[in-house]
Amino acid sequence: MITIDPNGQGDFTSIEAALASVEKDTSPIQLFIKAGIYKERIEITRPNIALIGENRENTIITNDYYAKMKMEDGSLRRTFRTYSVFLDGKNITAENLTFVNSSGLGKDVGQAIAVYAEGDFLTFKNCSFLGSQDTLFTGPLPPTVIEPGGFTGPKEFAPRINSRQLYENCYIQGDIDFIFGSATAYFDNCEIFSQNINQEVNGYVTAPSTPQEQEFGYVFNHCHLIGDCPKESVYLGRPWRNYAKAVFMNCEMGAHIKREGFHDWNKTDSHATTFFAEYNSYGPGANDKARAPWVKILNEEEAKIFSKDNVFK
């Protein structure tokens, strides 16, 4: 195990230095990160690594890149070069950590990713993800870009391989599309906090881009959707691409969730292709009878398909 301590009581004082020391080693390695604020930009492309924080509240990895930021050549940074942390290796685990993009509200700075997660078999336990617009990107990217240059970043031309990701006992905060991407991602007992941006629509919790051939997209089980937004001002999701999939099971829905639940992003053709569904929602924002007609309300047998074991079979 390698210990990182910003006060010099470990093997390294920065996470970047510790990662550089094991960059060419693919054997399982654990980094123990002592409490502190690490203003670093972390990129991990090697497999079999565990990042273990001393505690979630005080072990913080943060940066402040944003989409409207000017690059040295005068071009804009755009979404997929804004991440504070980039994870693109297989079998990566993160525990007891807080990941932050501190650049500000999306209306001012544009998209700003805290974690760009793409490697296969990624596990996050007891972690926090803090940002505004586009807090957590669960890669890969969709197959094709709509806006020229929209995918500029480290995986723009990489093969699109399904990334399987697990989030347990995590806290995720943001506003516009703050959990988005194409991965198969399972969120178990997480708190999902929608922050108030003083708009008529204060946000969209998810913007999945699940590929047509992929069986599962996002599954939220026993999660708590909370926030400080006005009543009925936040959608559960909208389809970044037409075959988007997001299922909410046994979830507490705060009063900020809109009656119709999901939005179609003004793409009526997506009604026939998306799979947005709920099972056993409860709380003031739960309303099976008022959901959009193209949203599926699952029965008990249908919900079993979305168990953690079956999703990751």
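Tutor: Let's begin with Gly174, whose bridge partner in strand 18 is Ser194. This is a predicted model, where local features need pLDDT of at least 70, side-chain atom pairs count only at pLDDT 80 or more, and totals for chains, interfaces and linings use all residues. Residues are numbered from 1 along each chain as its sequence is written, and side-chain values use heavy atoms, leaving out hydrogens and water.
Student: How many bridges join strand 15 to strand 18?
Tutor: Four, and the two strands, residues 171-174 and 191-194, run parallel. Strands are DSSP runs of E with at least two residues, numbered from the N terminus, and two of them pair if DSSP finds at least two bridges between them.
Student: What order do the strands take in the open sheet of eight?
Tutor: The order is 3-6-9-12-15-18-21-24, with parallel pairing. Strand 3 (36-39) and strand 24 (252-253) are at the edges with a single partner strand each, so one side of each has no neighbour in the sheet.
Student: What stands opposite Gly203?
Tutor: Val234 in strand 22 does. Strand 19 (residues 203-208) and strand 22 run parallel, joined by three bridges.
Student: New topic: which strand pairs with strand 23 over five bridges?
Tutor: Strand 25 (residues 275-279) pairs with strand 23 (residues 245-249), in the parallel sense. Met249 is opposite Tyr279 there.
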